[in-house]
Structure formats: C-alpha cells, structure tokens
Amino acid sequence: MKTSKFTYHAPRTVAEALDTLAEHSVDAKVLAGGQSLVPVMAMRLAAPAHLVDINKLTPELGDLEVTGDGVRIGALVRHARLERDADAAVRVPLVGQALRHVAHPTIRNRGTTVGSLAHADPSAEMPVVLALLGGSVVARSVRGERTIDAADFFVGPMESVLGYDELAVSAFFPAVPGRAGTAFDEITRRHGDYAMCGLAVVAQLDEADRFTSLRLAFVSVSDVPEVVDLTDDVAGTPYTDVDHAALGDRVRELVDPAGDLHASADFRRHLAAVLTQRLTREAAERAAGVAPGAAATAGTAPTTRGGRA
Amino acid sequence: MTTRGFGEPVKRVEDPRLVTGKGRYVDDIGDDRTLHAAFVRSPHARARIRDIDPFEAYEVDGVVAVYTWDDLAGPAAEPLPLLIPHPDLTHPRTGYALARDAVNHVGEAVAMVVARDRYVAEDAVALVKVDYEVLKPVVGLRKAAAAEELVYDDVPGNAAAVSTQAYGDAATAVAQAPHRLTFEWDIERSACMPMEGKGVHARWDRHEEKLTLWTATQTSTGVRGAVSAKLGLDLTQVDVVTPDVGGGFGVKIVHPWPEEIMVPWASMRLGRDVKWTEDRREHFVSSAHERAQLLTVDVGFDDEGRVLGMEVDILHDHGAYIPYGLIVPINASTQLLGPYKPDAYRVTFTSLYTNTVLVTPYRGAGRPQGVYAMERTMDRIAQYLGKDRLAVREANFIQPDEFPVDFGLMFQDGRPLKYDSGNYPGLADKLRALVGWDEFEDFRAQARSEGRRVGIGLGFYVEGTGPGPYEGGHVQVLTSGKVKVATGITSQGQGHQTAFAQIVATELGVPFEDVIVTTGDTRRFGYSVGTFASRGAVMSGSAIALAARKVRDRTLRLAADALEADPGDLEIVEGQVQVKGDPSTAVGIGTVAVLSNPLRYAFDEASKAATQFSGGPVDYSQPPIAPGDKPGLDETDYYSPPASTFAAGAHAVIVETDPDTAEIHILKYAVVHDCGRMVNPRIVEGQIHGGVAQGVGGALYEVMAYDEAGQLANASFMDFLMPYVSEVPTSIEIDHLETPSPLNPLGIKGAGEAGVIPTSAAIAAAIEDAEGIPIVRMPISPSELFDLRRAAAYPEPVVNTMPGTASTRWVDPASLPAAPTTESEDRP
C-alpha cells in the first residue's frame with residue numbers, strides 16, 4: 001500500500017497551479033484535503049504522475065463568505081470550518097445539517113467541501129446538498145473561468161465535468177427563499193460510514209402552512225445526485241394534512257438504487273421511503289417554525305436511542 | 001506490604017508508553033540501509049502456475065532481487081510444516097514459502113521482490129509476469145461439502161478430517177426422549193484484524209553466523225524452531241525477538257508464515273538487513289480468518305428441558321491449507337457443551353478445504369460457534385416448552401459439587417476434557433441480577449407503549465484455558481535491588497508486564513515498581529510454547545510465581561547467614577529482609593544479591609562487600625560457594641499442568657431494533673465472569689471489554705465477502721466493518737465470581753478470550769426475542785433483518801417471545817417462506 005511514483009507540485013499562486021494543471025493535464029490530480037485521494041493512491045487505484053498540492057493557496061482559496069444569497073466557499077475551506085460557521089448555519093442550515101454526517105471529525109478537520117464536490121462520490125453528502133439547493137461550482141483554468149450549475153456538474157459516479165486542466169476554486173450554496181425548512185439524515189452501518197441511504201429535503205410553505213414546494217435528493221441511491229420533486233404531490237396542502245407515509249410510498253416507486261455488500265437494492269429503496277416519511281415532516285415543521293418532532297405522533301417518532309433498561 | 005500486588009486493580013504500566021507513541025514495533029527496527037521486501041500474490045483463487053517471468057521487474061531502479069520457488073532448496077523448498085498433527089487429520093495439506101506450481105487462494109505468495117524501499121518493491125511486484133492456468137475454485141461450506149469440484153484432486157470430498165467423539169448412546173437417547181428438535185446454525189467468517197499486521201525484520205551476521213529475527217509473533221520460540229529447521233541452522237544460531245506487538249488475537253500464533261522463512265532467507269543470501277511489513281490488504285488475503293461453520297443439532301429433552309441426548313454435526317471451513325491442524329473444530333465440538341452435561345453426546349466434525357484464506361484460531365477459537373449452537377438450542381427448548389430461558393439452562397447446569405467433571409472426551413490439548421472447578425448456578429444468579437432479567441418484561445411493556453421493540457438474550461460458556469505443555473520463568477535479583485523477570489511467552493498488549501510484576505511483588509515481597517519483565521525474547525528465555533488459548537497468566541504466571549518462591553527461599557537463606565538468624569524468623573517487606581516485625585534489622589535484597597555472588601573484583605561501592613578482603617565473618621572451613629549451591633540470586637522454574645483449567649462466564653444483552661430501518665442497537669450488555677483468582681481485575685475487565693467489542697463485530701458487522709470466484713470483495717477497512725467505539729456498548733456491566741483452579745499454584749484461570757465467546761449467541765437471541773423472527777445465521781445486518789422481516793411477512797411490530805407471558809407468539813421456522821438470506825448458498 002505505497003503510492004506509485006509521482007511528481008509533487010506545491011504552487012504558490014492559483015495561476016501557477018493552473019499552469020501546472022495545463023501542462024500535465026490528464027496526468028495530474030489536485031490535492032486538497034487528501035481524505036479520498038491519498039488512500040486511493042496508496043491502494044494504487046489511482047496513480048497520477050503529478051500531484052498539484054493547493055494547500056499553500058489559502059490566501060486565494062480560503063475564503064468563506066456568507067451573503068444574503070447564500071454561502072460561498074473557497075476550495076480550501078475545510079468541512080469542519082463550514083460546519084461550525086454560525087452565519088452559514090443561519091443562512092443555509094442544510095449545509096451544516098449534512099456536514100455533521102460527513103465521515104468523522106478528524107476527516108472533516110482536513111477534508112474540504114469543494115474537494116468532496118469535485119470527487120463526485122455518489123455516496124457523499126455534499127454533492128447531494130449542492131444539487132438540491134441548485135448551487136454551483138466555479139472552475140478556473142488557463143482558458144478562463146466558468147460557473148457550472150450543480151445540475152450540470154455531476155456526470156457519473158466519481159465523475160464531474162471538470163476538465164483535466166481545471167481547478168474548482170469555489171462553490172456556492174444558495175439560501176432557500178421564503179418560509180423554508182430543510183432536513184438531512186442518513187442511515188449508516190457504523191457511525192460515520194458512507195450512508196446505505198441518505199436524504200436531504202427542502203420544504204417551502206406559504207403563510208397558511210401550505211406546501212409551495214417539496215424537493216428531495218438522496219445519498220447512495222443514484223449514480224449522480226438527482227432532485228426528486230414532490231411539489232405536485234403536496235402543493236396547496238397544509239403540511240399537517242399531508243400523508244408522509246404516502247410520500248414514502250411515492251418515493252419507493254421513484255428511486256431505483258443498486259445493491260452492494262452493505263444494503264440490498266430493496267433495502268435501500270425501503271430506507272429511502274422511511275427517510276422520506278421522517279424528513280419531509282421534519283423539514284416542513286422547520287419551515288412552519290415548529291420544533292421538529294413536536295407535532296409528530298408517537299408511532300412515527302424516531303426511535304429513542306441509547307436508553308437504558 | 002505493597003499495594004500493587006496480586007489481586008489489585010493496578011493500572012497497566014505499559015500504557016503510558018504505548019499511548020504516547022513510544023512503542024517500538026517490528027516496523028520501527030532498521031535504518032536506511034535496510035532492504036524491503038514485497039510479495040507478488042495470486043490474483044486467482046485456484047490456478048496452476050505455468051511460468052513466472054521476473055525480467056521486467058529487474059529493470060526497475062532499486063530492485064535488488066526477485067525470488068521464486070525455483071530459487072529455494074532443501075527444507076526451505078518443502079511444504080510448510082503441519083504444526084499440529086492429529087490421527088483424524090488424514091489429508092493434511094500445507095502451502096509453500098513461495099507457491100511451487102499452483103495457488104489455492106487469492107493472496108497466496110508467489111514471488112518475492114527485495115528492493116531499496118517498499119515503494120520500489122511494490123513497483124516491481126506489478127511487473128513480475130505470472131502465467132496462470134485458472135481453475136474453478138471451491139468457495140463456501142456447502143460447495144465444499146457437495147464436492148462437485150475438488151480443491152485437491154487427491155483429497156476426496158474436500159475433507160481433510162472427519163472426526164467423531166461421543167459418550168453414551170446419543171442416537172438412542174435422542175430418539176427415546178420425550179421431545180426432539182433439530183436445528184441448523186450458521187456462522188460466517190470473521191478475522192482477528194490486529195491493528196498491527198504481521199512484520200518480519202531479519203539480520204544475518206555472517207561473521208558470527210547468527211540470525212536475529214524480529215517478528216510480530218505470538219511464539220518467538222516456535223518461530224525460532226521453525227526458521228532454524230527451514231534454513232538449516234542450529235537453534236543456537238537463531239534468536240527471535242518480539243518487540244511491542246500491536247495485537248495478535250490468534251493469527252500470530254501460526255508460524256512460520258511464508259514471510260518468516262523468506263525474509264531471513266533473503267537476508268542470509270544478500271548479507272543485508274531485510275524487512276517486510278504486512279499491509280492491510282495483505283492481511284485480509286494472506287493471513288488467516290476464522291469462525292465459518294455450519295452446525296446441525298439433533299436434541300432430545302424432557303419436560304423440564306433437561307437434555308437427554310444430543311447429536312451434532314459440524315461442517316468446518318478451514319480454507320486452502322491446514323497448518324494449525326484441527327484445533328478450531330475440536331474446540332467447537334467439545335466446548336459446545338458449555339456448563340451442561342447432556343446424558344449422551346455425539347459430535348462429528350468434517351474439516352473442509354476451500355479456495356480461500358486459511359482458517360486458524362481467532363480469539364475464542366471455535367468456541368463462539370459451538371456455544372452459539374448450544375445456547376440457541378437452549379433458547380429453542382425453552383420456547384418449545386414455554387419455559388423461561390434461564391430456567392432451562394439452570395435445569396441443565398453441572399452443579400458445584402460435581403467437580404471434577406470428566407466427559408470422556410479429548411480436548412484440544414490432547415488430554416481429557418475434564419472440568420477442574422466451577423460454579424455455574426452462581427453465574428446465573430449474578431447474571432439475573434446484573435442484567436435485570438426478572439424486570440425485563442416491565443421494560444418491554446414500557447418500550448412497546450412507546451412504539452419501540454426490545455429483546456433480551458443470554459449465553460453461557462465454559463472455556464478450557466491454560467493448556468500445556470509448559471512455560472517457564474526466570475527471576476533475578478540485581479545488586480541494585482531491582483528484580484528482572486523473563487518468560488518465553490510473547491506479549492501483544494495483554495498487560496503481562498503489569499500482571500507478572502504483581503505476582504513477583506507479592507511472592508517475593510518487593511515493590512511492584514522494582515520488577516521489570518521481559519517477554520518473548522529467546523535471548524532472555526529460550527524455552528517456551530507461546531501466547532494463545534488464554535494461557536499467559538495461568539502458565540507463565542504460575543512458572544514465574546514458582547521461580548519467585550525459589551528466589552525468596554534463597555534470599556532468606558543467604559540473609560539468614562548474614563543476619564545470623566534462622567530463615568524461618570525472617571521476612572521480606574518492600575524489598576528489605578528483616579527479622580519478622582523488626583525493621584531495624586533490615587538488609588536490602590540488593591545487598592543479599594551482592595553477597596550471593598562472591599567476587600574477586602569490586603566494580604562499584606556495592607560490590608566491595610562481596611570481595612575477599614571485605615572483612616565480614618568468614619567460616620574458613622567452607623568454600624565461598626557451598627557444594628550444590630551457585631552464585632547469584634536468580635532462579636528458574638517451570639510450570640507444566642496436568643490438564644487445562646476451565647474458566648466460565650455468562651453474558652446477557654438487551655437490544656432494540658428499529659421497526660422502520662431495522663437498525664440494531666445494544667442498550668445494555670452484562671457479563672458475569674469466573675477466571676478463578678484474578679491477578680488484576682482491571683486487566684481482566686479490559687480483556688472482557690475488548691472481547692465483547694470483537695464479539696459485537698462478529699455478531700453485527702463483520703463478514704468476509706467472498707464471491708464465487710474466490711475474490712474477497714471487502715478486503716479493506718472501508719468495507720470490512722469492524723465496530724468503532726461508537727458501535728460498542730457504552731458501558732459493559734461486569735460482575736465477577738472467583739472459583740479457584742486446583743491445578744496451579746495461584747488458583748487462576750485464563751481470561752483472554754472470554755469476552756468474545758457467547759456474544760453472537762446472546763445478541764442473536766435478543767434480536768429473535770425483539771423481532772419474533774427466528775435468527776439462524778450470524779452475523780446479521782439491518783439489510784438482512786429487513787429481508788427476514790419481509791420473508792416472515794411481519795410488517796408490524798411483533799409481540800415478544802418471552803416464555804411464560806400471555807403474549808407469546810412463535811412461528812415455526814419451517815412454516816416461514818424461505819428468506820433470500822437463508823436460502824442462498826453463500827453470502828454475497
């Protein structure tokens with residue numbers, strides 16, 4: 001488990017990094033937090049001839065900016081910093097709700113959120129959040145800079161539209177306007193593992209607590225993040241009147257996950273339905289300003305954990 | 001008296017060093033001149049090797065040598081040893097140091113590259129061309145038993161051994177019993193997975209013609225014997241040293257591993273230090289696994305649940321080779337009996353070859369499987385009779401006044417299965433209180449009212465520990481007053497330095513802090529068997545105690561001369577020899593050590609007292625060393641037991657299953673444990689904690705996901721799910737019973753494996769109790785529980801299966817539609 005031979009580059013400016021990427025193109029990989037890339041290299045599942053370490057570029061890539069529109073993060077913002085940013089938590093709560101589920105604290109201390117987006121793992125949380133919020137990634141190369149919508153960014157498992165010479169310099173997570181609530185949860189084998197199934201939900205209500213939109217995106221269910229729009233199922237209905245179990249059944253029909261060692265396809269589909277039932281209610285309650293769970297009946301409340309006999 | 005003696009919960013003296021990164025492991029040895037080895041390993045589960053072409057590998061800058069089987073000669077080229085022969089092991093097969101002309105599992109070593117560093121070595125490994133003729137592999141117990149394909153053409157039925165043991169007429173007893181049930185219990189593979197894998201560093205000194213081998217082993221003397229035999233060296237030319245070892249759990253008792261032959265072989269050939277450090281992927285595919293068994297039980301019992309007859313057939317998957325013999329299935333088939341003695345018993349095991357990594361003991365070593373079959377059978381007898389599960393067990397217990405109990409069977413040490421002592425009803429009483437057995441139905445009712453599902457399960461076990469043949473100890477008092485202790489067994493984190501120092505502190509009467517223990521270094525102690533089967537404390541602890549007693553006697557005798565007193569009037573307190581109760585007479589044992597060794601030359605102030613003109617009272621009629629006596633204050637002794645000593649315990653667990661997601665959470669875990677007299681209760685509890693953690697892994701998380709081609713699909717810590725601390729119960733409640741063993745001077749029994757043995761049985765029973773669905777195979781994942789629920793057509797929470805309550809509802813397994821997870825031949 002030793003990497004194959006590679007040339008290590010540690011550019012001092014983004015321009016220098018882009019020159020290096022342009023020069024080595026397909027043979028180069030960008031090293032940010034290294035929490036996915038380094039193990040893959042150690043197992044020789046990836047063997048880039050050139051490694052372009054961007055960790056010295058904090059002045060250019062280290063900004064975390066919260067505006068009225070949302071949260072913009074540079075490529076060197078670590079998960080942990082974004083997770084703990086109080087302003088970001090207020091502006092785009094879903095980001096923090098999801099980040100708590102990204103691996104373990106030690107990995108979040110080092111791993112970067114933009115790096116996770118660029119890695120495009122269908123089992124990762126943050127690509128799903130970006131897709132659901134309709135965010136974007138800014139990519140730069142010697143050819144120039146472009147902004148790529150989340151809907152266009154992910155093209156396959158572990159595959160984005162980033163060119164070999166491009167560096168993802170920042171990402172933008174937009175705030176959800178109006179009376180909105182979000183929720184995130186996932187079911188894992190062990191604490192911090194990749195999810196067997198995860199779900200992010202955005203619910204929007206009008207002033208009479210009627211749904212105006214309800215959108216979902218699942219982790220570990222599709223090759224690329226897909227937004228499941230259930231607005232037509234609930235629009236105009238007060239959230240307290242919605243049959244959340246029926247929404248789960250609806251999702252059961254809509255998703256088509258694959259099975260693996262840890263969860264069969266059917267089990268994943270089932271978990272997608274369970275999470276839908278739980279989280280559409282939770283997101284709507286947040287939109288309505290009700291503490292999640294307060295209005296839930298006993299039969300559908302999440303199981304109390306860690307109780308003692 | 002010292003407060004850190006025998007029986008005290010002393011904190012482990014090893015830990016500050018180990019947890020602050022000051023441990024020294026095999027990989028820490030060597031310098032930048034050391035050469036590094038990497039191995040070409042088979043990508044196929046079964047193939048013939050047509051040709052190996054290392055040419056391209058030699059082109060890599062920094063490659064020193066590439067070796068294949070053709071380079072070997074003499075004993076090194078012969079098959080690896082069959083370590084434990086057995087009359088029933090009629091078809092033993094072992095591998096070679098490097099594959100000769102065939103490979104039989106993915107990961108088998110085929111060629112060795114030696115290079116400047118490990119990076120270069122791995123580059124070159126990728127360039128060694130091996131031409132394979134791929135054959136159809138045999139994977140999974142049922143395929144092996146069906147024997148439509150054979151792993152070895154000359155091993156009919158894929159069976160290395162078929163072995164039967166019995167007492168009484170079990171078949172008749174079962175047939176004539178008032179009630180009869182049959183079951184098939186199924187346990188999946190798991191593995192030891194020590195945090196440090198294997199590792200070997202060899203240094204051949206061509207001037208001294210001596211080999212020093214550092215290896216992460218559980219038996220340094222075993223490796224020394226094997227390596228000297230394979231490399232044609234005298235035993236005196238080989239020293240084997242185990243530095244700190246990061247866990248063993250059984251896998252490191254196997255020896256010699258191919259790398260333990262090849263690395264020193266290369267060092268001798270190249271005249272350079274050579275090292276190899278196993279990486280995690282290698283550990284998954286080229287070390288050893290355990291556990292996989294299918295156990296068929298046919299049991300007859302009376303109205304009280306007393307087992308009148310029991311017939312058991314075990315299919316045991318031992319992988320591609322069987323160097324460690326039949327230890328695991330012998331353990332499973334004999335220790336299945338646990339704290340019970342059915343009137344008649346017959347067990348037959350068939351040990352089967354498969355094209356997978358070999359199977360050798362992993363903590364528990366066959367006992368978890370046997371206990372799983374027996375304890376789950378007890379559960380089902382209780383269910384069938386509508387009786388309390390604990391009550392049925394109590395009806396079957398061997399009683400405290402029945403010891404010793406000789407079953408008329410042979411145990412894994414080649415000696416009678418004979419329980420020396422125990423108090424099983426006492427265990428049950430303590431467990432009942434500790435877990436709240438009698439209050440559980442109230443808890444269940446409360447939980448059910450909240451929409452929650454909970455269940456309780458339990459498991460008892462008896463574990464033969466401390467098998468022989470022997471261990472030894474050397475205790476030496478230095479002139480500084482420090483006490484050096486050496487024993488041959490190796491340490492992998494058990495806390496031997498602490499526990500053995502406690503024994504010596506108490507036996508000798510010296511401060512705990514003054515005792516320094518060395519283990520697993522053939523330079524310090526050359527006679528030993530090894531660390532396995534919960535034998536360290538029993539064997540080396542007893543030997544060290546005997547040696548310490550001899551040192552104490554000698555110290556008192558020598559001091560008696562100096563103090564002109566009778567030895568019987570003296571005592572040793574905190575390292576001072578004195579007339580009983582009179583500290584004014586005290587002489588340090590360091591001074592006694594000085595006097596014990598008459599000197600011609602003084603090296604320091606202390607030694608002046610032992611020189612010839614020092615002026616003490618001298619009896620000129622006697623020589624300085626009396627006839628039959630010896631210089632120095634040190635003694636060696638050995639302990640060789642007549643039989644193993646049998647520890648016991650009981651676990652109970654309360655689980656909660658999520659009605660929606662099928663997640664399984666452990667709410668409470670309770671252990672009652674009897675390992676005789678405890679040297680150090682803190683260490684015993686630490687052993688229990690670690691064992692339970694591994695048991696939880698085996699029950700809920702760990703599988704070896706071999707596909708039909710014999711590829712291990714989850715050979716990394718990303719997909720092989722060992723429990724994190726977040727998956728282990730946050731508190732494990734422990735109570736102790738201390739039933740001394742009559743077999744050894746300290747009355748102790750082994751404690752190392754106890755935590756892992758009944759865990760799968762207890763957790764399976766608890767899930768079954770929570771769900772009302774028969775749980776047959778372990779481990780079980782949420783995905784599999786989901787499948788079982790669907791198969792059982794129980795969309796709603798199911799009432800409990802606790803016998804004796806009004807809501808009992810049970811489903812006959814035979815009436816259930818087959819679930820996908822129980823029907824398929826092998827796990828995905």
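Let's start with chain A, where five strands form an open sheet in the order β4-β5-β10-β6-β7, with antiparallel pairing. Its edge strands, each pairing on one side only, are β4 (64-66) and β7 (144-149) of chain A. From one strand to the next, the twist averages 15 degrees. Strands (E, at least two residues) and helices (H or I, at least four) are DSSP runs, numbered from the N terminus, and two strands pair if DSSP finds at least two bridges between them. In general, strands of a sheet pair through backbone hydrogen bonds, either parallel or antiparallel.

This is a predicted model: local features need pLDDT of at least 70, side-chain atom pairs count only at pLDDT 80 or more, and totals for chains, interfaces and linings use all residues. Residues are numbered from 1 along each chain as its sequence is written, while chains are lettered from A and ligands numbered from 1 in the order in which they are written.

Back in the sheet, β6 (136-141) and β10 (167-174) of chain A run antiparallel and are joined by 5 bridges. Val137(A) sits opposite Ala171(A) in β10(A). Across β6 and β10 of chain A lies helix α1 (residues 14-24) of chain A, at about 75 degrees to β6(A). Such angles run from 0 to 180 degrees between N-to-C directions, with axes as lines fitted to C-alpha atoms, for helices over the stretch in contact.

How confident is the predictor? pLDDT is its confidence in each residue, from 0 to 100; chain A averages 93, and 94% of the residues score at least 70. Over residues 295-309 of chain A, though, the pLDDT is below 50, and this stretch has 25 contacts in the model beyond near neighbours in sequence.

| Domain of chain B | Residues |
|---|---|
| domain 1 | 31-135 + 192-286 |
| domain 2 | 293-467 + 642-823 |
| domain 3 | 468-639 |

Taken over C-alpha atoms, the centres of domain 1 and domain 3 of chain B are 40 Å apart. Residues are in contact if their C-beta atoms, placed from the backbone, lie within 7 Å, and 17 residues of domain 1 of chain B are in contact with 16 residues of domain 3 of chain B. On the domain 1 side, α6(B) gives the most, with 4 residues.

Finally, 24 residues of chain A are in contact with 36 residues of chain B. Helix α13 (residues 265-288) gives the most to the chain A side, with 4 residues.

Note on methods
Two residues are in contact if their C-beta atoms, placed from the backbone, lie within 7 Å. pLDDT is the predictor's confidence in each residue, from 0 to 100. Domain bounds come from an automatic or database domain assignment.
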